[in-house]
Amino acid sequence: MAPGGYANRIARVDLTKGSVSYESIPEEWARKYVGGRGLGVRYVLENGPRVEPLSSENILCFMNGPLTGSEANMSGRLAIVTKSPLTGTVTDSHQGGWAAARLRWAGFDGLIFKGKAEQPVYAYVHDGQIELRDAAALWGKGVHETVRHFQQLYGEKDLSVIAIGQAGENTARFACWINEFDRASGRGGTGCVGGSKHLKAIVIKAERAMPRPQNADAWPAAHRRALATLMDEKNVTSPRKGGLSVYGTNVLMNIVSNMGALPTRNSQLTSFGEKAELISGEHVKEHVLVDDPTCHACPVACKKEVEIKSGPYAGLRMESVEYESAWALGANCDCADVAGVAKLIDTCNDLGFDTIEMGNVLSMYMEASERGYVNGAGGLSWGDVPRMIETIAKIASREGIGNVLAEGTERAARHLDHPEIAMTVKGQAIPAYDPRGLKGMGIAYATSNRGACHLRAYTPASELGLIPLKTDPLASKGKGDLTKLIQDLFAFSDSMDICKFSSFAEGAEEYALQYTAITGLPCTADDVLKTGERIYNLERYYNNLAGHREGSDYLPERFLKEPSTMPGSQGHVCELPEMLAEYYQARGWIDGVVPEGKLKELGII
């Protein structure tokens, strides 16, 4: 009997030929790599690690997990997996909302696109079938207009649209896919790959049809236990009471700034000082919050819809001033105007940009301008919102300096002959945590398989005291072991595929009980971590084969040699070598390379 939770149906779409074929998931792959992120990486490995990311040979996978679209809490996540044009590594980027659930209700575990259409197309997904349809009239349109077009064409009921904007069409390397106007698969340039294939959108029409648990007797207890942990008032996930639910992700702005761990002005500073309050979740709730939308099967409702009521951006309604985006386009660019930040985020969403990479691109360019490195290109001043909006539009169209900046932070800094001002790892820019004030983020950034990332191992959960396993944010000892543990746990949850925020309350035991009940396959907490370890090593194996070998786990020199000057972390640098040695020992790797013995031990080869 096939495991429960799966539709056991993958669509292979050849965009060059305009053909679609359907296949089942190899059962061994489902058991070893689960779904979502893990299964997507396995398909990308099968396709070959040496393909050029923007060639027709690269594949682009939209993947669900066995819990997606079910009654499981926070199970509305979709993984987009490919070889990244930004990093040259395997990458996966996830989005919430309802698209993932509807893809499962339409009868699919995944869609795999290969080739390049002669003219722009979109994929219409319904009733276990996919049709490629003409999108030429939409090429050149933003995400928001594209979504509205399909809502008018197919009706809003039971519809999800995942689309790229002009950034993806013009192959900006950090373009992303957006669904429901504002829900982004932000990182890694997956939208750039879509644009290179002339794939404008995935349109899904499906009524609710939740997959039933294979073990119906075990499911109620597993579901109740997971829900109880999320609802517990001591956890940040507690609906209407926990900080994540009340303020959204931006509850972190003041906290991280006050501890000297908020990268500011391209990481030249580690705090935004008193200005952090002006773009914080508390300020948003008091001044511009209008709604608390949520995702499929989520009681937390961390999304915070805002409306700007005055000033040049009056009338703007968007979702939402998230922590990462508000930091990237706010503190990191020295912009403390919440209305301006909302407009910048909305502009990125419409054009289809990763806001984290965009904030780093702009802040790098601002520092270069300040230091006289721009070679007569015009430059950009700190916090200049109108010019920032203009520059973002130029990046999307690859006009003038925008053509340079569209290559991403690292390549653009090299173009300016000053790579030292790019805060990147493996070609991808850092998110909203300075590793001089949160040491765990240093080793997590360095060893992330998709470039600098907080979501491979969210060590601040421990360092900020959000989970029972609490650690000192300024201590380096033990952070290698901590990072491996969280990386393995997240690799499993990303493959089920459920929201990372579940881990602020749930742990491996809750994940194992839900996975067992839904799929019918036996699974313990130890199995969760072992499967996660297999997936993480699979990714690293792909990267090793793609050329990312010894010495590929590093941090920008600024974090290693320029001490923090701000309260909370003053005088601190990030002690990466010590943490890296501890991490490699825990992983059983040799200077970032997975030995053959480890691959065999985990059943990868």
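User: Which residues does Glu-23 contact, leaving aside its neighbours within four places in sequence?

Analyst: Glu-23 is in contact (heavy atoms within 4.5 Å) with Asn-8, Arg-9, Ile-10, Arg-12 and Tyr-43. The model is predicted, so local features need pLDDT of at least 70 and side-chain atom pairs pLDDT 80 or more, while totals for chains, interfaces and linings use all residues. Residues are numbered from 1 along each chain as its sequence is written, and side-chain values use heavy atoms, with hydrogens and water left out.

User: What makes the pair of Glu-23 and Arg-12 side chains a polar contact?

Analyst: Their side chains come to 3.2 Å, and the limit is 3.5 Å between N or O atoms, one able to donate a hydrogen and the other to accept it within protein (residues adjacent in sequence count only if both atoms are side-chain atoms). Glu-23 and Arg-12 are 11 residues apart in sequence, with 7.7 Å from C-alpha to C-alpha. Glu-23 belongs to strand S2, residues 19-23; strands are DSSP runs of E of at least two residues, helices runs of H or I of at least four, numbered from the N terminus.

User: Is Glu-23 buried, partly exposed or exposed, and why?

Analyst: Glu-23 has 28% relative accessibility, so it counts as partly exposed. Buried means under 20%, exposed over 50%, and partly exposed in between (1.4 Å probe, protein chains only).

User: Why is the Phe-62 and Phe-113 pair given its class?

Analyst: The ring centres are 5.8 Å apart and the planes stand at 85 degrees, so the pair is edge-to-face. Rings of Phe, Tyr and Trp (its six-membered ring) pair with centres within 6.5 Å; planes under 30 degrees apart are stacked, over 60 edge-to-face, and the rest tilted. This pair links distant parts of the chain, with Phe-62 in strand S3 (residues 60-63) and Phe-113 in strand S6 (residues 110-114), 51 residues apart. Both Phe-62 and Phe-113 are buried. The structure holds 16 aromatic pairs.

User: What makes the Tyr-583 and Tyr-584 pair tilted?

Analyst: The angle between the planes is 55 degrees, and the centres are 6.1 Å apart. Tyr-583 is buried at 0% relative accessibility, and Tyr-584 is buried at 10%.

User: How do you know whether Lys-484 is buried or exposed?

Analyst: Lys-484 has 16% relative accessibility and therefore counts as buried. Lys-484 lies in helix H19. Not counting residues up to four places away in sequence, Lys-484 touches Glu-533, Tyr-583, Ala-586 and Arg-587.

User: What lines the second largest pocket?

Analyst: There are 24 lining residues, and Ile-467, Pro-468, Ser-503, Glu-506 and Gly-507 lie nearest the centre of the pocket. Helix H19 (479-496) and helix H20 (508-519) are the elements that give two or more residues to this lining. H19 gives the most, with four residues. The space in this pocket is about 440 Å³.

User: What makes a space a cavity and not a pocket?

Analyst: On a 1 Å grid over the protein atoms alone, a 1.4 Å probe fits in a cavity but cannot get out, whereas a pocket is an open set with protein on both sides within 12 Å along at least five of seven lines; lining residues have an atom within 4 Å of a point. A search of the whole structure finds one cavity of 30 Å³ or more. The largest cavity holds about 40 Å³ of space, and its lining includes Tyr-247, Cys-302, Lys-304 and Glu-322.

Terms used:
Points joined across faces, edges and corners; volume = space filled by probe spheres on them.
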